[in-house]
Amino acid sequence: MKPKLLVIGGRPTFQKKALHFFQPGFQVSTAASGREALPLLGNGQPAMVLLGADLPGGGSLEFLRELQQNFPRAKAILFSAFQDMNTTIQAMKLGAYDYVLEDIDLKELDQKIQKAVRILNLNEKIPPLKEPESFPLPSFTLIGQSKAMRELYKFIGLISNTTASVGIRGETGTGKKLVAQVIHQNSPNREGPLVTVDCTTIVETLSESTLYGHEKGSFTGAVESHRGLFEMAAEGTIFLDEIADLPLSMQGKLLRFLQDKEYQRIGGTSQKKSNARIVVATNRDLYQAITQGKFRKDLYYRLKVLTIYIPPLRERREDIPLLIQHFLHKINREHHTRVLKIEDRAVQLLIHYDWPGNVREMENLLTLACILGKEEVILEETVKEILHRSQRLPYDRPHLSSLGEAEEEILKRALRTTQGNLTQAAKLLKISRPTLRTKMQKYRLSLG
Ligand SMILES: Nc1ncnc2c1ncn2[C@@H]1O[C@H](COP(=O)(O)OP(=O)(O)OP(=O)(O)O)[C@@H](O)[C@H]1O
Ligand SMILES: [Mg+2]
């Protein structure tokens with residue numbers, strides 16, 4: 001049966017044109033007002049509605065609200081000769097599928113309608129994804145049933161009664177930080193704090209005091225005594241992220257700390273003892289760093305004793321469907337979206353993609369699909385489009401000659417992708433909104 005298409009309002013010439021154009025594919029009917037249109041919607045069968053935004057008496061938004069309430073299986077595209085900001089925002093907030101100008105090329109409009117019809121049909125067919133088993137989830141949960149992940153759970157279980165030092169190795173985005181959190185959560189030190197140190201940001205001259213603390217007056221500028229991170233984490237866990245970047249001068253001290261858990265504040269006289277468990281992570285090949293003279297061999301062997309390797313996502317593709325389910329629920333909770341369905345072919349695409357950015361890349365992709373896609377079902381073409389965009393990463397472009405240029409390009413891309421939504425763009429870039437604003441000023445980027 002042909003799907004229903006109802007054209008409400010608009011100029012008579014538009015109604016006629018639409019009737020003529022869409023008749024072969026749809027059961028088209030026209031109405032001059034909302035009141036006239038209601039009986040035509042019939043028995044709740046899914047229908048497409050082209051709704052003029054200039055209905056007499058300003059009734060368009062009112063009608064849209066009524067439509068959404070009483071005919072949840074209908075999708076409305078608004079059209080008008082002009083498109084002002086307020087009506088557009090209101091219409092989209094009320095759940096309009098799209099908003100177009102009245103002089104839109106009908107072929108383009110047809111594509112939008114076809115896509116919406118596909119969503120309506122899929123929405124009828126696909127059952128929603130189940131809630132994750134244990135809901136609400138504890139804050140840190142690793143998802144995955146692949147052999148690698150099951151081994152990992154066992155390993156965490158085995159080491160959980162000890163406070164032995166642990167190394168975590170894996171490509172970017174494989175979940176190293178999450179694993180560190182789960183280790184902490186299950187360790188005897190779980191009541192203590194988990195202190196994270198990003199070794200890439202430790203400045204060589206400061207790092208010693210950052211890690212070990214200092215006594216008042218021990219160097220110029222040391223106006224107060226200061227507790228270092230080892231001291232803060234004394235009864236908890238200290239997570240040294242990107243350990244390969246720890247300055248060489250610090251590596252010897254770390255080794256000593258690992259051996260006897262003792263340290264001294266700069267300028268201090270007494271040895272202090274710490275109970276902290278050390279967890280380190282790296283996405284680099286530490287052995288290569290040794291051959292380059294950037295990493296101490298003895299520290300490497302010391303850390304190697306208990307090492308967890310998290311394989312990249314492309315080597316455990318069977319985890320992908322579970323991760324999709326997990327992330328859609330997580331995204332819906334965090335972003336107040338309601339996307340619980342995904343087309344089979346989209347799942348297949350996600351299963352076969354290579355995920356150079358691993359689980360993080362997948363979470364970002366699904367977040368984009370949920371927020372930017374106007375659909376309650378994630379479609380194959382939405383996934384394709386996002387994958388296509390992400391493959392044109394600015395880093396791959398040879399003409400970018402400086403870090404600044406690359407940064408500017410990434411900012412522009414994020415603003416484009418989120419259609420100028422600063423909150424979303426900041427989230428995507430993993431920076432705060434004020435930082436984003438500062439950077440936009442630096443590169444003189446404006447919205448639109
Ligand atoms: N198995 C998993 N189950 C659920 N979420 C996961 C899993 N693995 C990773 N994640 C999520 O993916 C994102 C990236 O993970 P995380 O920050 O731990 O990666 P990473 O290995 O530390 O990356 P990088 O090397 O870039 O620092 C986080 O939001 C994390 O919660
Ligand atoms: Mg990390």
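Colleague: Hi! At the start of α18, what does a side-chain oxygen of N421 reach?

Modeller: At that end of the helix, the oxygen comes to within 3.0 Å of the backbone nitrogen of T423. Helices here are DSSP runs of H or I with at least four residues, strands are runs of E with at least two, and both are numbered from the N terminus. Please keep in mind that this is a predicted model, where local features need pLDDT of at least 70, side-chain atom pairs count only at pLDDT 80 or more, and totals for chains, interfaces and linings use all residues. Residues are numbered from 1 along each chain as its sequence is written, and side-chain values use heavy atoms, with hydrogens and water left out.

Colleague: Thanks! Which residues of α18 are buried?

Modeller: In α18, which spans residues 422-429, L422, Q424, A425 and A426 are buried. Buried means under 20% relative accessible area, exposed means over 50%, and partly exposed is in between, using a 1.4 Å probe and protein chains only.

Colleague: And what covers them?

Modeller: The cover includes α13 (320-335), α15 (358-372), α17 (403-417) and α19 (433-442). Just after α18, K430 has a positive phi of about 55 degrees.

Colleague: Switching to the sheet: in what order do the five strands run?

Modeller: The order is β2-β1-β3-β4-β5, in an open sheet with parallel pairing. Strands pair if DSSP finds at least two bridges between them.

Colleague: Why is one side of β2 and of β5 left without a neighbour in the sheet?

Modeller: β2 (27-31) and β5 (98-101) are at the edges and each has a single partner strand, so one side of each lacks a neighbour in the sheet. Looking at β4 (residues 74-80), the strand pairs with β5 over four bridges, and V100 in β5 is the bridge partner of F79.

Colleague: Now the rings! How many aromatic pairs are there in the whole structure?

Modeller: A search finds 11. Rings of Phe, Tyr and Trp (its six-membered ring) pair if their centres lie within 6.5 Å; planes under 30 degrees apart count as stacked, over 60 as edge-to-face and the rest as tilted. One of the pairs is F230 with Y263, tilted, at 6.5 Å centre to centre and 45 degrees between the planes.

Colleague: Are F230 and Y263 buried or exposed?

Modeller: Both F230 and Y263 are buried. Ring pairs also link these two with Y212 and F257 into a cluster.

Colleague: Why is the pair of Y287 and Y300 edge-to-face?

Modeller: The planes of Y287 and Y300 stand at 70 degrees, with the ring centres 5.6 Å apart, so the pair is edge-to-face. Y287 is partly exposed at 36% relative accessibility, whereas Y300 is buried at 15%.

How values were computed
Chains are lettered from A and ligands numbered from 1 in the order in which they are written. Contact means heavy atoms within 4.5 Å. A polar contact is a pair of N or O atoms within 3.5 Å; within protein, one must be able to donate a hydrogen and the other to accept it, and residues adjacent in sequence count only if both atoms are side-chain atoms.
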